[in-house]
Amino acid sequence: MHFHYVLSMGAVFALFSAWYFWIPKILGLDYNRMLGKVHFWILFIGVRLKGRNFELKNIWNRNSSSLDTKNGGGNSPNKFVVYFENVKESKRKIYVELRKKSGVYLFINNITKDLYVGSSLNLTQRMTNHFYYANSNKTKNTILNRAMKKYGLENFSLGILEFCAKDIIVSISLEQKWIDYYKPNYNILKIAGSSYGFTHNINTILKLKEMLKKENHPKFGTITSSETKKAISDGIKEFYLKNSHPSKGLKGKLSPQYGIGGNLVFCYNRNNEELMFSSINAARQHFKVRWTLIKKNIDTNKFVIINNKDWIIQSIPRNST
């Protein structure tokens, strides 16, 4: 970019400047000043527009690497195994090419140049899911889904980074490699297959628990096979063998998973001081009282005496009532 501006166009502007200054002096001829100004601005704007296009092309090349359709292989990931320029027009071809295959894929927003890296043991099914939510009125509140609705599938490209064996551990490992390489903006979670580091606020947690309880839960009525359980367990063990964890070795009350699955408890005294517990059992252990005392007084909106103090016990925080 600097080469074209400084050495090429810089020389052209210097040449014309010298021409306009010296020719009248050498030949004794004058020129129309208005036409001279028009010539300068046309040249200046044309050079700037050309330079801008060149700059955008360089930015695209840096962000999305290469859009070739052949695999570069090895640890130099710069090409695709399969590439679809226009997702909307290539739907049928995508389903045929990816049928019964597993691997890692990359969505490219051709307008913003933002990227999304994902993996699946069934790429056809995963693409069907993405396209369904992009075209339906149903909401799937992910950044990628919102972007597909906003810009349209015709403005997205799809590249298959790698095909792999139908193994959850292999798939997630490869996905992590490509997340580390591209650092995609559309990926909220930066660790493949894990939501570690991402937390919802308390009101969102309460809404999700209410919305997804009993038969509304996506896993309601399903039984996870022993092979899947073992694969998940092995994947978690392998991850934490290579990565540190701030809560490693912590047990009981100190464990971050203490009380998960229970009902959240919020306690308020007459000074409006708040105590929050992850479960009824956690509240019971804090106050050193019976479990039934906490359970019976939740959401009664009446003060109950606990350890010589008056407390109102609720299942939701006060600021959300």
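A disulfide is defined here as a pair of cysteine sulfur atoms within 2.5 Å. By this rule, zero disulfides are counted. Cys164 counts as buried (under 20% relative accessible area; exposed is over 50%, partly exposed in between; 1.4 Å probe, protein chains only) because its relative accessibility is 16%. Cys267 counts as buried because its value is 0%.

The model is predicted: local features need pLDDT of at least 70, side-chain atom pairs count only at pLDDT 80 or more, and totals for chains, interfaces and linings use all residues. Residues are numbered from 1 along each chain as its sequence is written, and side-chain values use heavy atoms, with hydrogens and water left out. Helices (H or I, at least four residues) and strands (E, at least two) are DSSP runs, numbered from the N terminus.

Helix α5 spans residues 143–151. Its buried residues are Leu144, Asn145, Ala147 and Met148. Seen down the axis of α5, these residues fall within an arc of 165 degrees, so they line one face of the helix. The arc is taken from the directions from the helix axis to the C-beta atoms. An α-helix has 3.6 residues a turn, so residues three or four places apart point the same way. The buried residues of α5 pack against β2 (102–109), β3 (115–120), α4 (123–135) and β4 (156–164). Contact means heavy atoms within 4.5 Å. Just after α5, Gly152 adopts a positive phi of about 85 degrees.

A nonpolar core is a set of buried Ala, Val, Leu, Ile, Met, Phe, Trp, Tyr and Cys residues joined through side-chain atoms within 4.5 Å. The largest such core has 20 residues. Those with the most contacts inside it are Val87, Ile94, Tyr105, Phe107, Met127, Phe156 and Leu158. At least two core residues come from each of β1 (82–84), β2, α4, α5 and β4. Helix α4 gives the most, with four residues. Residues up to four places away in sequence aside, Phe107 touches Leu144 and Met148, among others. Its partners also include Val87, Met127, Phe156 and Leu158.

Two strands pair if DSSP finds at least two bridges between them. β5 pairs with β6 (residues 274–277) in the antiparallel sense over four bridges. Phe266 has Met276 as its bridge partner in β6. The two strands form a hairpin with four residues between them. In the turn, Asn272 has a positive phi of about 65 degrees. β5 also pairs with β8 (residues 309–314), antiparallel and over four bridges. Here the bridge partner of Tyr268 is Ile312.

Four strands form an open antiparallel sheet in the order β6-β5-β8-β7. The edge strands, β6 and β7 (304–306), each pair on one side only. Neighbouring strands are turned by 40 degrees against each other on average, direction ignored. Within the sheet, Cys267 stands opposite Ile313 in β8. Helix α9 (residues 280–287) packs on the sheet and touches β5, β6, β7 and β8. The direction of α9 makes about 125 degrees with that of β6. Axes are lines fitted to C-alpha atoms, for helices over the stretch in contact, and angles run from 0 to 180 degrees between N-to-C directions.
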